[in-house]
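Biologist: Could you take me through one part of this model slowly? I would like a close look.

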Amino acid sequence: MKTMIQEFDLTAVELQLLQALLSGASNKQIARELGKSEFTVRNQLSVAFQKIGVANRMQAAFWFRAYLVAREERGLGTSVPLFPLYSEQRINR
């Protein structure tokens, strides 16, 4: 079974950004947490959106969640090679 990185040619950073979107983080919050500029985060998200075929952050979050659910249904669990930076408890809305 291919990993998400292999299937969609996503980098570890792109996976991390998609995970942050799922938790509701803004570009500003993501940039602050990762020590990057908002411009860099926005550009990296744009590249990830193209790779997975979505147009915006809402679609990307839904896509990422659906991917995790599909993995769980196939008995692969929701564990994907992500960084533990973002959880709903860590993001201040």
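How many salt bridges does the count come to by your rule, and what can you tell me about helix H5 (residues 57-73)?

Modeller: Happy to! This is a predicted model, so local features need pLDDT of at least 70 and side-chain atom pairs count only at pLDDT 80 or more, while totals for chains, interfaces and linings use all residues. Residues are numbered from 1 along each chain as its sequence is written, and side-chain values use heavy atoms, with hydrogens and water left out.

The count comes to one salt bridge, meaning a side-chain nitrogen of Lys or Arg within 4 Å of a carboxyl oxygen of Asp or Glu. Glu14 pairs with Lys51, their closest N and O atoms being 2.9 Å apart. Because Glu14 sits in helix H2 (residues 12-22) and Lys51 in helix H4 (residues 38-52), the pair ties together parts 37 residues apart in sequence. Helices here are DSSP runs (H or I, at least four residues), numbered from the N terminus. Glu14 is buried at 6% relative accessibility, whereas Lys51 is partly exposed at 28%; buried means under 20% relative accessible area, exposed over 50%, partly exposed in between (1.4 Å probe, protein chains only).

Now to H5. Its 17 residues should span 24 Å at 1.5 Å a residue, and its end C-alpha atoms are 24 Å apart, which agrees; the expected span is 1.5 Å times one less than the number of residues. In H5, Ala60, Ala61, Trp63, Phe64, Tyr67, Leu68 and Arg71 are buried. They cover an arc of only 165° around the axis, so they lie on the same side of H5; the arc is that of the directions from the helix axis to the C-beta atoms. The face turned away from that buried side carries the exposed Met58, Phe62 and Glu73. After H5 comes Gly75, with a positive phi near 80°.

Methods: Helices (H or I, at least four residues) and strands (E, at least two) are DSSP runs, numbered from the N terminus.
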